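Let's take a friendly walk through this protein together. Have a look at the sequence and the fold, and then we will start from a single side chain.

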Amino acid sequence: MPIIPRINELQPEIAKWRQDIHQHPEILFDTHRTSALVAEKLKAFGCDLIKTGIGRTGVVGVIKGRQNTSDKVIGLRADMDALPIYEDTGLPYASTTAGKMHACGHDGHTAMLLGAAKYLAETRNFDGTAVVIFQPAEEGGGGGGEMCADGMMNEFGIQEVYGMHNMPGIPIGQFAIREGAFFAATDQFTIDVTGLGGHAAKPHEAIDTTLVASHIVVALQSIASRNADPLKAVVVSVTSFRTESDAYNVIPERVQLRGTVRTMDKDIRELAETRIKSICDLTAQAFGASTKIKYHQGYPVMVNAPQQTAFAAQIAAEVAGPENVKTDAAAIMGGEDFAFMLEERPGAYILVGNGDGAMVHHPKYNFNDTAIPSGSSFWAQLIETAMPLC
C-alpha cells in the first residue's frame, strides 16, 4: 500500500497541529502545553486509554484493534521537545518564545504520530494493541530513559518499539535505515586544571594552566589517532576552554575544559573514558599541575535489531516504493535517546526525508509538512501489517 488515502485527507489538519506546536516550543521536560495538547487529541480520537506524567511529562495512548487474538503490543514513539535556539525563519507560524525553537522537527514527529493515531483509532484494522508514545526531553534530558524507568514497557506490555526522525537532505517520500549501531553514544566531560597563578611577565614563578590545558587538548586527539582501532569510530571534541582571568598580564590558576565523546562501540566507549582520565592526570603532573575530571556517560549507542529493521524497511518500501528506501544508511555520530527504549525492547529507528533546506539544529530549519503523509502512513501501515486482521 502506498500513502494511505485517509491520511492524505488528514494532511492539512495534521499540518495545522504541527504549526501550532511549532509556535509554542517547550524545552526538555517543560512540555506541559504540548503534552496537554497531545492528551486532548488522543481523547478526542477515542483512544482506549490515555496516561500522562510518565517520564515526568510524557503521554501514552493505547489503541486496541478490532480483534486481540494475536496478543501483540507494539509501541510507536515520537519526541515533543524543542531546542534553546533563536529562530530565524520568518515563518508566519514562527516561535512565539524568544530563545526556544523547534529546530529538530519534533513538532513534525509529534504531529505525524498524532495523525497515525487518529487514523488507527478510526479504522482499527488490526489484531492487537498499538501504543503511541509521546516523549519529552530528547534533546539532552534523557526523557526516553525516564519513561522506561517509570515502567512504561511493562505497564503497557510493549513487545516491540519503533521510532522515526526526519532528515534534511533526504528527498520527501524517501526513507533511510540501517541494522545495528545507528546513532552514537554521547558522553560529556569537564576537566578542571589547577596550577599556580602569577604574573605573565614571570612565568617561571607560576604553573601555567593555559599551557597545561593546551597540551591536554592536543593530547586528547591521540585517542582517535593512536589508541582506538582505526576501523571503529570515536570522536573526542573539546568544545569549551575557559580561564578564570581575562587579563592580558595574568597567568590564571585554573582552567576548565569541557567536551563530548561520541562512540559506536561499547569497548571503544570504555577505552575513551579511561584514556581521557589518564592523559589529563599524567599531562598535568608533567607540568606540576593537577586535574579534576567529571565524566558523564549520556545516551548509549542506539542499536536497531535485525528482525525489526528488516520489517521497518519492508513497511517503508510498501509506502514509498523499494527504490525510495535506503537500507544501508550511514551511521550517525549524533545521539538519540530512543536508544534507552531499544535497550529494553527490540525495535528499529528510521529516517524519513525532509527534503532540501537547513539541517536540524539550525536557526533556519523547518519541518516540511509535505513529509507528513509518508511518516503517518508508515506508522499506520506498520501497525496494520504487523498485526493483520484474520
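A polar atom in the side chain of histidine 102 lies 3.4 Å from the backbone nitrogen of aspartate 107. Keep in mind that this is a predicted model, where local features need pLDDT of at least 70, side-chain atom pairs count only at pLDDT 80 or more, and totals for chains, interfaces and linings use all residues. Residues are numbered from 1 along each chain as its sequence is written, and side-chain values use heavy atoms, with hydrogens and water left out.

Where does histidine 102 sit? You will find histidine 102 in the loop between strand S3 (73-79) and H3; helices (H or I, at least four residues) and strands (E, at least two) are DSSP runs numbered from the N terminus. Histidine 102 is buried, with a relative accessible area of 1%, where buried means under 20% relative accessible area with a 1.4 Å probe and protein chains only. Leaving aside neighbours within four places in sequence, its contacts (heavy atoms within 4.5 Å) include Ile21, Met80 and Tyr365.

Now turn to the nonpolar core, a set of buried Ala, Val, Leu, Ile, Met, Phe, Trp, Tyr and Cys residues joined through side-chain atoms within 4.5 Å. In soluble globular proteins, nonpolar side chains tend to be buried together. The largest core here has 64 residues, and Leu42, Phe134 and Phe378 are among those touching the most other members. Helix H3 (residues 106-123) gives the most to this core, with nine residues. A second, separate core of 26 residues includes Cys148 and Phe338.

Terms used. Buried means under 20% relative accessible area, exposed over 50%, partly exposed in between (1.4 Å probe, protein chains only). A polar contact is a pair of N or O atoms within 3.5 Å; within protein, one must be able to donate a hydrogen and the other to accept it, and residues adjacent in sequence count only if both atoms are side-chain atoms.
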